[in-house]
Amino acid sequence: YGRWDRKVGHYRRYSKWRMREVAREAGLSVAELTYVNALAIPAWVAFSATFSEAKVDRDQRGSLTLWDRTGVPVSRALERRVRVPVGLNLLASLRG
C-alpha cells in the first residue's frame with residue numbers, strides 16, 4: 001500500500017492473517033478467504049515505482065482502463081481454474 005494506492009482511491013490492503021483478525025474483532029467468521037488478481041502484481045509494482053501525481057490523471061488512466069478490459073478478464077478466467085497463492089487483492093466472504 002502506498003501513495004499510488006491512495007491516489008486511485010484504495011483504502012488499505014489486507015493480508016490473510018489480518019483479515020481473519022479484523023473479522024474476528026467484528027464478531028464475524030471467515031467462510032472463504034482467497035487472493036485474486038495475481039496477474040496485476042507486476043503492473044502494480046511498475047505503476048507504484050513510476051508514480052507521479054501528474055501522470056496518474058494523464059498517462060496511467062489509459063493503462064488502467066486497458067488492464068480493466070483485458071487483464072481482469074484473463075486473470076478471472078485463470079483464477080477460476082487455479083487457486084493462486086498470492087494476489088493483488090484479497091476476496092473475503094464473511095458470516096455473522
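This is a predicted model: local features need pLDDT of at least 70, side-chain atom pairs count only at pLDDT 80 or more; totals for chains, interfaces and linings use all residues.
Reader: Which residue forms a salt bridge with R24?

Author: The closest N and O atoms of the pair are 2.5 Å apart, and a salt bridge requires them to be within 4 Å.

Reader: Why are E21 and R24 separated by about one helical turn?

Author: Both residues belong to helix α2. Their separation is about one helical turn because, along that helix, E21 and R24 are three residues apart.

Reader: What is the distance between the closest N and O atoms in the salt bridge of E25 with R18?

Author: E25 counts as exposed, since its relative accessibility is 52%. R18 counts as partly exposed, because its value is 32%. The closest N and O atoms of these two residues lie apart by 4.0 Å.

Reader: Which residue meets the side chain of E32 in a salt bridge?

Author: The N to O distance of this salt bridge is 3.8 Å. The pair links distant parts of the chain, with E32 in strand β1 (residues 29–36) and its partner in the loop between α4 and β2 (89–95), 51 residues apart. The partner is R83.

Reader: In what order do the elements of the chain run from the N terminus?

Author: The chain contains four helices and two strands. Helix α1 covers residues 3–7 and helix α2 covers residues 16–25, while helix α4 covers residues 53–81. From the N terminus on, the order of the elements is α-α-β-α-α-β.

Reader: Is S75 buried or exposed?

Author: S75 is located in helix α4. Leaving aside neighbours within four places in sequence, S75 has contacts with N37, A38 and L39. Its relative accessibility is 1%, and a value under 20% is needed for this class, so S75 counts as buried.

Reader: What is the phi of N37, a residue other than glycine?

Author: N37 is placed in the loop between β1 and α3 (41–49). N37 is buried, because its relative accessible area is 15%. Most residues other than glycine have a negative phi. The phi of N37 has a positive value, near 65°.

Reader: How far apart in space are L88 and A38, C-alpha to C-alpha?

Author: L88 is found in the loop between α4 and β2, and L88 counts as buried because its relative accessibility is 17%. Residues up to four places away in sequence not being counted, L88 touches R13, V36, N37, A38, A40, I41 and W44. In sequence L88 and A38 are 50 residues apart. In space their C-alpha atoms are apart by 5.6 Å.

Reader: How far apart in space are R13 and L88, C-alpha to C-alpha?

Author: R13 has its place in the loop between α1 and α2. R13 counts as partly exposed, because its relative accessibility is 27%. In sequence R13 and L88 are 75 residues apart. From C-alpha to C-alpha, the distance between them is 8.6 Å.

Reader: What accessible area do L39, V74, L78 and V82 have together?

Author: V74, one of these residues, lies in helix α4. The four named residues form a nonpolar patch on the surface. Together their accessible area is about 310 Å².

Reader: In which element of the chain is confidence highest?

Author: The mean pLDDT of the chain is 82, and 83% of its residues reach 70 or more. Confidence is lowest in α1, at a mean of 70. The highest mean, 95, belongs to α2.

Conventions: Residues are numbered from 1 along each chain as its sequence is written. Side-chain values use heavy atoms; hydrogens and water are left out. Buried means under 20% relative accessible area, exposed over 50%, partly exposed in between (1.4 Å probe, protein chains only). Patches are made of residues with over 30% relative accessible area and no salt bridge: like charges are joined within 9 Å, nonpolar side chains (Val, Leu, Ile, Met, Phe, Trp, Tyr) within 5 Å. Accessible areas come from the Shrake-Rupley method with a 1.4 Å probe; for residues, only the protein chains shown count as cover. pLDDT is the predictor's confidence in each residue, from 0 to 100. Contact means heavy atoms within 4.5 Å.
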